Amino acid sequence: MTVAIIFLITCVLFIAMILVKPSVEIKGHTVNIYYLPPLVGAFLLIFLGEISPSEVARGLTADSEINPIKILVLFLSMTLMSVFLDSVGFFRYLASYVLGHAKASQKSLFLWLYLIVSVLTIFTSNDIIVLTFTPFICYFARNARIDAIPYLICEFVAANTWSMTLIIGNPTNIYLMTGAGVSFIDYAVKMFVPTVFAGVVSFVILRLLFNKKLQKTFEPSGEIAKIEDKTLTAIGVAHLAVCIGLMVVSSYISLPMWIISFGCFVSLFVFATVVLLFRKQGLGKIGETFKHAPYEIIPFVLSMFVLVLALDKVGLTEKIADILSNTDTIFGYGMVSFFSANLINNIPMSVLFSSVTEALSGTERLAALYASVAGSNLGAFLTPVGALAGIMWTALLKKHGEKLSFARFIGYGVLLAIPSMLAVILGLKLVL
């Protein structure tokens with residue numbers, strides 16, 4: 001009972017902090033603090049003896065795919081490579097180049113934005129694309145004198161829909177599927193059709209929602225951002241491509257994905273450092289990349305892992321599994337994970353459901369995990385607290401003066417997320 005109470009209080013305080021004070025300003029720098037309630041909750045459980053330090057240590061160092069340290073290495077390595085490409089202007093260049101060809105048609109601009117965000121999200125991650133494109137869209141809309149909200153919603157929905165395509169698209173995908181030993185290629189094969197279903201449904205609804213606002217023409221600036229450093233960009237793109245290529249065949253060469261991503265990350269920064277030192281330009285780009293990495297995800301994931309270890313120890317995860325066993329596996333786990341992500345955020349939900357699904361076996365567990373992946377991604381655009389991407393996105397909107405109330409977000413979210421989730425469930429039923 002104590003563990004359940006502490007877990008519930010932790011989740012309530014976590015959501016409250018997201019809504020009220022997810023970050024603070026310290027000497028002009030924004031510092032995220034939303035992970036503090038889970039961190040305090042984890043330490044409280046250890047202090048009260050509900051879980052011992054040795055049990056925590058065994059869980060964190062276990063030689064298994066669900067080891068959270070391995071998962072964090074994989075996620076942060078991929079993130080740092082993407083942040084590096086952003087720092088050299090690669091994403092900005094692609095965005096301005098593609099959107100620059102929309103001419104004066106907002107309908108064309110809307111379509112191109114959805115496509116470029118979708119494609120880039122597939123090969124990087126939703127968090128990176130949201131962080132990169134949101135300021136660009138705000139500036140672009142202001143200069144073109146058009147309403148930014150349709151494009152911001154379009155970007156957010158596209159990023160959190162197509163992040164399901166590959167296992168690297170979202171840290172929740174990584175946590176849920178690598179923990180079950182699912183390979184890169186197996187995941188991609190299974191999730192392709194469900195993601196396409198959700199992508200088509202979400203785009204059609206987006207166009208219907210914003211059809212009137214997209215009727216007006218606009219004056220394109222004609223300016224296309226330049227790649228700041230072609231050599232470093234080529235090095236970054238090559239390493240990301242090699243990393244994804246190796247992940248595709250990782251199950252055939254018996255090389256874990258976290259080692260592949262970490263190796264490519266180290267190689268990228270060694271190459272970049274050599275180039276910068278040879279030019280005598282200093283290591284500013286390297287420092288900028290490390291400065292913008294989402295390090296707060298480390299205490300957040302580790303704390304939630306400890307909380308779930310305690311839930312598992314007292315048998316609460318098994319009880320949740322028993323309740324869900326009375327439902328259709330894909331529909332039940334899909335919809336419950338979808339709504340749970342908006343109660344406790346998608347990363348805590350994924351840590352919890354990874355443990356809950358261990359009560360299942362074989363194909364039933366895989367079906368539950370794929371459905372939970374869908375819930376963790378699409379739950380992001382039901383409410384702003386559904387995912388880390390939503391927390392960062394709403395903070396960026398405030399920073400750039402774009403007004404989008406909590407109620408208005410949910411209004412769009414209900415119309416977009418629920419039909420998209422049902423489309424994924426249909427897709428999963430066809431392929432599993």
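This is a predicted model: local features need pLDDT of at least 70, side-chain atom pairs count only at pLDDT 80 or more; totals for chains, interfaces and linings use all residues.
User: Which hand does the crossing of helix 17 and helix 18 have, and how many residues of their contact are nonpolar?
Analyst: The crossing of helix 17 and helix 18 is right-handed. Helix 17 contributes Tyr333, Val336, Ser337, Ser340, Ala341 and Ile344, while helix 18 brings Asn346, Pro348, Met349, Leu352, Phe353 and Val356. By class, this contact of helix 17 with helix 18 has no charged residues and three polar ones, and the nonpolar residues number nine.

User: What orientation do helix 4 and helix 11 have to each other?
Analyst: Helix 4 (residues 68-87) packs on helix 11 (residues 230-248) with the axes 9 Å apart, at an angle of about 150°. Angles over 145 degrees count as roughly antiparallel. The orientation of helix 4 and helix 11 is therefore roughly antiparallel.

User: What is the hand of that crossing, and how many charged residues does the contact of helix 4 with helix 11 have?
Analyst: Helix 4 passes helix 11 in a left-handed crossing. From helix 4 the contact uses Leu74, Met78, Met81, Phe84 and Leu85, and from helix 11 it uses Leu232, Thr233, Gly236, Val237, His239, Leu240, Cys243 and Met247.

User: Is Thr233 buried or exposed?
Analyst: Thr233 is found in helix 11. Leaving aside neighbours within four places in sequence, Thr233 is in contact with Leu85, Val88, Phe90 and Ile227. With a relative accessible area of 4%, under the 20% cut-off, Thr233 is therefore buried.

User: And what about Thr231: how does its accessibility class come out?
Analyst: Thr231 also has its place in helix 11. Beyond its neighbours within four places in sequence, Thr231 is in contact with Val275 and Arg279, and its C-alpha atom is separated by 10 Å from that of Phe271, 40 residues apart along the chain. Because its relative accessibility is 38%, Thr231 counts as partly exposed.

User: Near what value is phi of Ser254?
Analyst: Ser254 lies in the loop between helix 12 (250-253) and helix 13 (257-279), and at 65% relative accessibility it counts as exposed. Most residues other than glycine have a negative phi. Ser254 has a positive phi, near 55°.

User: Where is Lys280, and near what value is its phi?
Analyst: Lys280 sits in the loop between helix 13 and helix 14 (284-291). At 77% relative accessibility, Lys280 counts as exposed. Its phi is positive too, though Lys280 is a residue other than glycine, and the value is near 60°.

User: Zooming out, what radius of gyration does the protein chain have?
Analyst: The protein chain holds 21 helices and two strands, and its C-alpha trace spans about 60 × 55 × 45 Å along the principal axes. A compact globule with 432 residues would have a radius of gyration near 22 Å, which agrees with the value for the protein chain, 21 Å.

User: What share of contacts between residues at least 6 apart in sequence joins residues at least 24 apart?
Analyst: Of the 432 residues of the protein chain, 56% count as buried. Among contacts between residues at least 6 apart in sequence, the share joining residues at least 24 apart is 80%.

Technical notes: Residues are numbered from 1 along each chain as its sequence is written. Side-chain values use heavy atoms; hydrogens and water are left out. A crossing is left-handed if the near helix is turned anticlockwise from the far one by less than a right angle, and right-handed if clockwise. Helices (H or I, at least four residues) and strands (E, at least two) are DSSP runs, numbered from the N terminus. Contact means heavy atoms within 4.5 Å. Ala, Val, Leu, Ile, Met, Phe, Trp, Tyr, Cys and Pro count as nonpolar, Asp, Glu, Lys and Arg as charged, and the others, Gly among them, as polar. The radius of gyration is taken over C-alpha atoms; the globule rule is 2.2 Å times the number of residues to the power 0.38. Buried means under 20% relative accessible area, exposed over 50%, partly exposed in between (1.4 Å probe, protein chains only). Axes are lines fitted to C-alpha atoms, for helices over the stretch in contact, and angles run from 0 to 180 degrees between N-to-C directions. Angles under 35 degrees count as roughly parallel, over 145 as roughly antiparallel, 65 to 115 as roughly perpendicular and the rest as oblique.
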